[in-house]
Every structure is written in C-alpha cells, then in structure tokens.
Amino acid sequence: MLAGVKPVTHVHARESDLPALTEVARRLRVKLLVFARTAGGEARLQVLLGASEKNLRKTAELWGREDVNPGRLLGYPACCMRAYEKHTDDTSGTDIVRAIARRTKGAGRLPFLLNDVFYFYSRALAVQDGARRQALLAANPGVDLDLLNAILWHPCSFRCPESRRKAERIWKTMKKVAPALAGSLRFALARPVLFWDWDRFAVLTRRGGPAFSYAGVEAPKSLLEAAPSALLARGDRLVRAGKSFAVRKGDKTLGVLPGEPLLLNFS
Ligand SMILES: [Zn+2]
C-alpha cells in the first residue's frame, strides 16, 4: 500500500487486533473497513485498509464471489489474475508453482522478488491441505512463513514483467521503511529451491564452482521425506538425471532424487 501497488489491503484479524489495526490506519492516513465478523468466541474479522472508501466498499462487495475477483483493487496484475483463475479451475492437483514454472520461458536465474514458493496462504484449497499447512508451520517454529514473500499474489510467470515492476516498487519501499524485514526476505528468497510440491521442497545454499553446486540445505524446512532429505544433506552437487537429479559429492554419485523435482534458481 505504501509503495502505491495496492489500492486496498485485506487482513484476517482477531477482535483483539482491531486497536492496533486502527492505529496503523491512522498513521498511514488510510481508511479501515471491517466487512465480516464471525460469531462465538473471539470474533475473527475480515478487514480492509485503503485510501478510498469507495474502493473498500467495492472490494467488500466482491469478496468471496465466484464470478468476479477483487484482485485488481488488491493490486494484482491482470495477467497474473487470469493465470490464477485458470489455475483454480484446474482439478489435476498440480501445484501453482509448477504451473508458473511451466509458463516461465528462458534460461538463467530467476528474480528472487517473484519467489512465491513459501506463499502458502492461497495453497490450502482442499480440506486436507489445512493439516499440511499446519504441519509446515509446526516444522518451522519462529519462522513467520506468511511473511516470506515480497509480492502478495502468484505471478503468471517467474519472469512476468508487470509483477517484476510492482515487486521492484514494493522492494524499494520495504528497504526504506522495514529494512530488517527486507533483509530476512532477501536471505530466504534469493536461494535456489528444489521443488516437488508446495509442502515438499529443499532450499539450497548456492556455492561457486561447477553447476550445480550447493553447500547445504537451509530453512525453511519442508515436509520432504527423510530419504531424499538425507541424500541432499550428504551431497554437494546436482546433475540432471532424466526428469530428476543425481546427487553427487565430488566425483561420486550418491543417488538419484525421487520424482520430478524442479530446480528453481532464484537469486
Ligand atoms: Zn503476470
């Protein structure tokens, strides 16, 4: 919102968060609208923040409707919204990161500002996914996974020019107003990731030398099975092997990773 990218921001909150959110709105000189409130226990609220009262009302009206999406008011690029809508219609169970990677053309490193591997917020589409999400959060105590993304939408491609342009604006503002957050984001996002599924991935520490060398596996942790995790921890280099990668240590091949992992080289 401060970067001028999002006309409206949506927040899930508790009743007890409301004084703090009201203070945020006052300091930013924007308006606040509570448009939904659950009954029983401590109420869960849906809150909108933004400069224009009209935009807040319009977003609240469109929220949760199947035929129209409030994405434009939330600052999402049109191309990325179209891609996301197409993805939510896809019943194959393919994770959105795989769909984005498929649409990403060109070789070379990917801009870390568009890394949405840890953007779990919109991944829990089926009931059982809620439990997977909780398991991921439990595996990463002290890491706020909901804050590990620079853009607040899924890009249509990891090279989407419109997402990149908006991401650069967000980044410039974040470095100025929240330098500590910008630092931790860069640390988490500017890394290569081996990706199987939204809760099964390995974040690697890049190392100089022959492609593709790595120095270890980093946080955040995923729910990747013990065997491939141990194999990765023992190796220091990945070499293409069919649709997967062989893990090597020096000249020795230690084994081949299962499945068809993607190597997303964010930097
Ligand atoms: Zn796009």
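1. Which residues of helix α7 (residues 179–189) are buried? They are L185, A188 and L189, where buried denotes 20 or more other C-beta atoms within 10 Å of the residue's own, the C-beta atoms being placed from the backbone. Seen down the axis of α7, these buried residues fall within an arc of 85°, so they line one face of the helix; the arc is that of the directions from the helix axis to the C-beta atoms. On the other side of α7, P179, A180 and G183 are exposed (12 or fewer such atoms; partly exposed lies in between).

2. This is a predicted model, in which local features need pLDDT of at least 70 and side-chain atom pairs count only at pLDDT 80 or more, while totals for chains, interfaces and linings use all residues. Residues are numbered from 1 along each chain as its sequence is written. Helices (H or I, at least four residues) and strands (E, at least two) are DSSP runs, numbered from the N terminus.

3. The chain is divided into domain 1 (1–65) and domain 2 (76–265), with bounds from an automatic or database domain assignment. Their C-alpha centres lie 29 Å apart. Four residues from domain 1 and six residues from domain 2 form the contact (C-beta atoms, placed from the backbone, within 7 Å).

Key
Contact = placed C-beta atoms within 7 Å.
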